[in-house]
Amino acid sequence: MCVGCRRRRPTSELIRLAAYDGDVHLRAGHGRGAWLCSDSRRCAEETFRGGRLSKALRIPIPPARLARLKDSFGV
């Protein structure tokens with residue numbers, strides 16, 4: 001399920017973000033994960049707003065790292 005829009009989609013249509021080693025990694029195969037629609041900028045905006053990603057991954061995300069993730073998604 002996408003963290004941004006809360007819709008269920010096949011994993012082939014989602015991007016996985018994972019928290020491990022105290023950081024957030026794109027398309028990682030292990031660690032606590034959250035999913036994001038791969039084709040929607042709106043979903044990315046919703047995910048990074050209001051701490052949704054931090055809540056889903058259950059870790060605090062430093063502002064600098066959050067900014068780099070936003071840049072990765074063009075937000």
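Mentor: Helices (H or I, at least four residues) and strands (E, at least two) are DSSP runs, numbered from the N terminus. This is a predicted model: local features need pLDDT of at least 70, side-chain atom pairs count only at pLDDT 80 or more, and totals for chains, interfaces and linings use all residues. Residues are numbered from 1 along each chain as its sequence is written, and side-chain values use heavy atoms, without hydrogens and water.

The protein chain holds 3 helices and 3 strands. Their order from the N terminus is β-β-β-α-α-α.

Now the hairpin. Strand β1 covers residues 14-20 and strand β2 covers residues 23-26. The two pair in the antiparallel sense, over 4 bridges; pairing requires that DSSP finds at least two bridges between the strands. Ala 19 has Val 24 in β2 as its bridge partner. Between β1 and β2 sit 2 residues. In that turn, Asp 21 has a positive phi of about 55°.

Step back to the whole. The C-alpha trace spans about 30 × 25 × 20 Å along its principal axes. A compact globule of 75 residues would have a radius of gyration near 11 Å, and the protein chain, at 11 Å, agrees. That radius is taken over C-alpha atoms, and the globule rule is 2.2 Å times the number of residues to the power 0.38. Of the 75 residues, 36% count as buried, meaning under 20% relative accessible area with a 1.4 Å probe, protein chains only. Among contacts (heavy atoms within 4.5 Å) between residues at least 6 apart in sequence, 49% join residues at least 24 apart.

Methods
Buried < 20%, exposed > 50% of the residue type's maximum accessible area, 1.4 Å probe, protein only.
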